[in-house]
Amino acid sequence: MEGGEYEVFLSFRGPDTRTGITDHLYTRLREAGVRTFRDDEELRIGEEIGPDLLGAIEQSKISIPIFSKSYASSKWCLKELAHLVECRKWKGQIIMPIFYYVEPAEVRYQTGGYGQAFLSHENKKRVDDETIPKWRAALNEVGGLKGWNIENVANRHEGQLVKQVVTNVLSELKKAYLAVSDFLVGIDDSVKEVLGIIGTGTDDVRTVGIHGMGGIGKTTLAKVVYNQLSRDFAYCCFLPDVRDTSNSKGIVYLQNRLISDLSKQTCSSIDSKDEGMRTIKERFSSKKILILLDDIDDESQLTALLGGRGCFGPESLILITTRNEIVLRAFQVKLVYHIGVLDSNRSLQLFSKHAFRRDHPPHEKVVQSKEIVEIAQGLPLLLEVMGSTLSLCGQTNEMWDDYLEKWRKGPIERTRSKLMISYEALDLSQRQIFLDIACLFVGYDKNTVMYMWKDCGLCPTEGLEVLQLMSLVKIGEDNKFSMHNQLKDLGREIVSQESGEQLEKQSRLWNHKDALKALLNKKKNEKLQALRLMFEESSEYCFTLEGFAALPNLRFLHVDSRNLTDELLSEAKLLWHNKSLVTSLTNTYLSKKQLLPDLRWFSWHNFPQRILQISNFSLSNLVILDFSRSKITHDWSGWRHIKRAEKLKVLNLSGLISAIYHKSWVDCQLSQNFSLMELLYEKFQNGGSWRT
């Protein structure tokens, strides 16, 4: 299915529940965004469970058997159940049974109708003598698990039962294992050592730091520990890439995310750091929580997110990864684990897993493999990227010799020089996609960004496949991009070096302070393709439309004005509309609406409709328009201009302050301009978007 593996598998007896509780539960789970597999008995071919069905069962994190009166009379249902139990045993799959007008004891001990069903199976010789005991054992095991009994729900209200099941499923998936590499080597000992350190703590809040150089595996180790312990905590939160997120979105964004995750609410509306610290302490001072903060680089981040003593309840656990041990000392973290490089044997094993998909190199590649391992010096990231690059580029000795020659050059300690070899193996389009992700799109949904890349002719389907095969980019189960910090820093360094470290010649500006300088400069910059800008409370914004006019090849523009107060908004309005400030723009230029003619992605969060006349911008090539959490209303004049965006694929109006919007109104406003496309509506009032 699209969007990744299934998360929930429904096992049910069709004639009993297909059009009733099963359909109700399936619909509610899908509406909640849970990837759910519903088997249809009438479409089955043959007696055996096919590979597609087996795959759906094995992929799922949770299975829900719905035990109805005739469930045990179906050989197919019993075969499914036996396989679910196997997955529970070997894969840790969670089974959540529903007893639908059947008592758990009847299922567990095969009495009543379930006993009669087994007598029928045995008398009719439907299966061999070894299968019946397996089915009985599966029913006995699952019948003893905690689940839901419709008889125990008030008034036997199926809607209430479905609501409870969906809530529990979402809670389990929220705590679901963080994605880690399929090729873990030598991590078990480190996990045991970290767990040992945690065990030495008191019943008070325990804070553990994991310290090491970039690319050495800090995040992977922390995620494995987090996964092992998360089931013991009702309140869990993982904040990845704190260093980069704090710089790009601000510490208040991270506070809001922490509060939302721990309180299990979809959103939080903290407006300042002090308010965030106060709210965290008020809400969680009595809660036992588990937090993983990844890539901390400043003590102020820990202060804002963790506060002082008493912010969390007894037995809480906080895991912190960082390259800088000074940060841990400044925050008085006493429990610290220093992660070292892999030894030569484990390095060879990790490299072999990525290069050959096996634990050891083939005989003819042993010598070359050992030399590569020596070059990598036990750094997991390098071993992964080097192995993946060679796996993709071919196994000929000539190809390996070429790469070895490149990797031998330069100081061995220069990690990025080795990673650069893999970047240079990409074609031009693949490089552009890599740099876009490194500078802009970590954490973004793949499908949304694909629209822009396709319209720019970058062949993203092939490009992303290559980048993933070379371990330069990862796409998680949530369909979002992730990238190792070393690779992200490499991409940004490449952009900086390509411009000769001259800000006015850079192709991408991800730092909002640099972006502001570029707009204030007003000098023509044909190199700049992407710009990210965030207004701060204390800044003065005296730029005009001239700044945008100087950027003819900009294809991505993201602005966030959430920090602007009403007073600043009023001042900004004067600046934008003061005609004397835009005298260098000719009337002809503005009348043709040619500002940013190459713009594909226009994102302005908290868009204040009175400040900017969107009619000044060309939307002829616009593919994605994002006005999340904005203040625009139904009578905004800009709607007329948006109708001219004939290429528009995604319109995101999530979290609009005005509550008057409905899908029918937007359809009426815009659908006449999308005669060849279908507008889809999903969760608009709760943070959704329309896609064509």
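**Reading the model together**

Mentor: Happy to, and let's begin with Pro460, which touches Ile433, Met450, Trp453 and Lys454 when residues up to four places away in sequence are not counted. Keep in mind that this is a predicted model.

Trainee: Is Pro460 buried or exposed?

Mentor: Pro460 has its place in helix α23. Buried means under 20% relative accessible area. Pro460 has a relative accessible area of 3%, so the residue counts as buried.

Trainee: How many Å separate the C-alpha atoms of Pro460 and Val449?

Mentor: Along the chain, Pro460 and Val449 are 11 residues apart.

Trainee: What is the phi of Cys459?

Mentor: Cys459 is found in the loop between α22 (446-455) and α23 (460-469). Most residues other than glycine have a negative phi. Cys459 is a residue other than glycine with a positive value, near 50°.

Trainee: Which loop holds Gln377, and is Gln377 buried or partly exposed?

Mentor: Gln377 is not a glycine, yet its phi is positive, about 55°. The loop that holds Gln377 lies between α17 (366-376) and α18 (380-393). With a relative accessibility of 45%, Gln377 counts as partly exposed.

Trainee: Which residue follows α14?

Mentor: Helix α14 covers residues 299-306, and its buried residues are Gln301, Leu302, Ala304, Leu305 and Leu306. After α14 the chain has a residue with a positive phi, near 65°. That residue is Gly307.

Trainee: Let's turn to Ser11. What is its relative accessible area?

Mentor: Ser11 is found in strand β1, residues 8-12. Leaving aside neighbours within four places in sequence, Ser11 is in contact with Ile64, Pro65, Ile66, Tyr71, Cys77, Glu80 and Leu84. Ser11 is buried, and its relative accessible area is 0%.

Trainee: How many Å lie between Ser11 and Cys77, C-alpha to C-alpha?

Mentor: Cys77 is among the residues in contact with Ser11. In sequence, Ser11 and Cys77 are 66 residues apart. In space, C-alpha to C-alpha, the separation is 6.8 Å.

Trainee: At what angle do the axes of α4 and α7 cross?

Mentor: Helix α4 spans residues 75-91 and helix α7 spans residues 131-143. The crossing of α4 past α7 is left-handed. Their axes come within 9 Å and cross at roughly 65°.

Trainee: Why does Gln59 count as partly exposed?

Mentor: Gln59 lies in helix α3, residues 51-59. C-alpha to C-alpha, Gln59 is 8.6 Å from Val8, and the two are 51 residues apart in sequence. Gln59 counts as partly exposed because its relative accessibility is 33%.

Trainee: And what is the relative accessibility of Glu493?

Mentor: Glu493 has its place in helix α24, residues 485-498. Between Glu493 and Ala438 there are 9.9 Å in space, C-alpha to C-alpha, and the two are 55 residues apart in sequence. Glu493 counts as partly exposed, with a relative accessibility of 25%.

Trainee: Which residues lie nearest the centre of the second largest pocket?

Mentor: The second largest pocket holds about 620 Å³ of space. By class, its lining has 10 nonpolar, eight polar and four charged residues. Of the 22 residues that line the pocket, those nearest its centre are Val205, Thr207, Arg309, Phe331 and Gln332.

Trainee: Last one, for the protein chain: what percentage of the contacts with a separation of 6 or more comes from residues 24 or more positions apart?

Mentor: The protein chain has 30 helices and 21 strands. Of its 692 residues, 52% are buried. Among contacts with a separation of 6 or more, the share from residues 24 or more positions apart is 73%.

Notes: Residues are numbered from 1 along each chain as its sequence is written. This is a predicted model: local features need pLDDT of at least 70, side-chain atom pairs count only at pLDDT 80 or more; totals for chains, interfaces and linings use all residues. Side-chain values use heavy atoms; hydrogens and water are left out. Axes are lines fitted to C-alpha atoms, for helices over the stretch in contact, and angles run from 0 to 180 degrees between N-to-C directions. Helices (H or I, at least four residues) and strands (E, at least two) are DSSP runs, numbered from the N terminus. A crossing is left-handed if the near helix is turned anticlockwise from the far one by less than a right angle, and right-handed if clockwise. On a 1 Å grid over the protein atoms alone, a cavity is a set of points where a 1.4 Å probe fits but cannot get out, and a pocket is an open set with protein on both sides within 12 Å along at least five of seven lines; lining residues have an atom within 4 Å of a point. Grid points are joined across faces, edges and corners, and a volume is the space filled by probe spheres set on the points. Ala, Val, Leu, Ile, Met, Phe, Trp, Tyr, Cys and Pro count as nonpolar, Asp, Glu, Lys and Arg as charged, and the others, Gly among them, as polar. Buried means under 20% relative accessible area, exposed over 50%, partly exposed in between (1.4 Å probe, protein chains only). Contact means heavy atoms within 4.5 Å.
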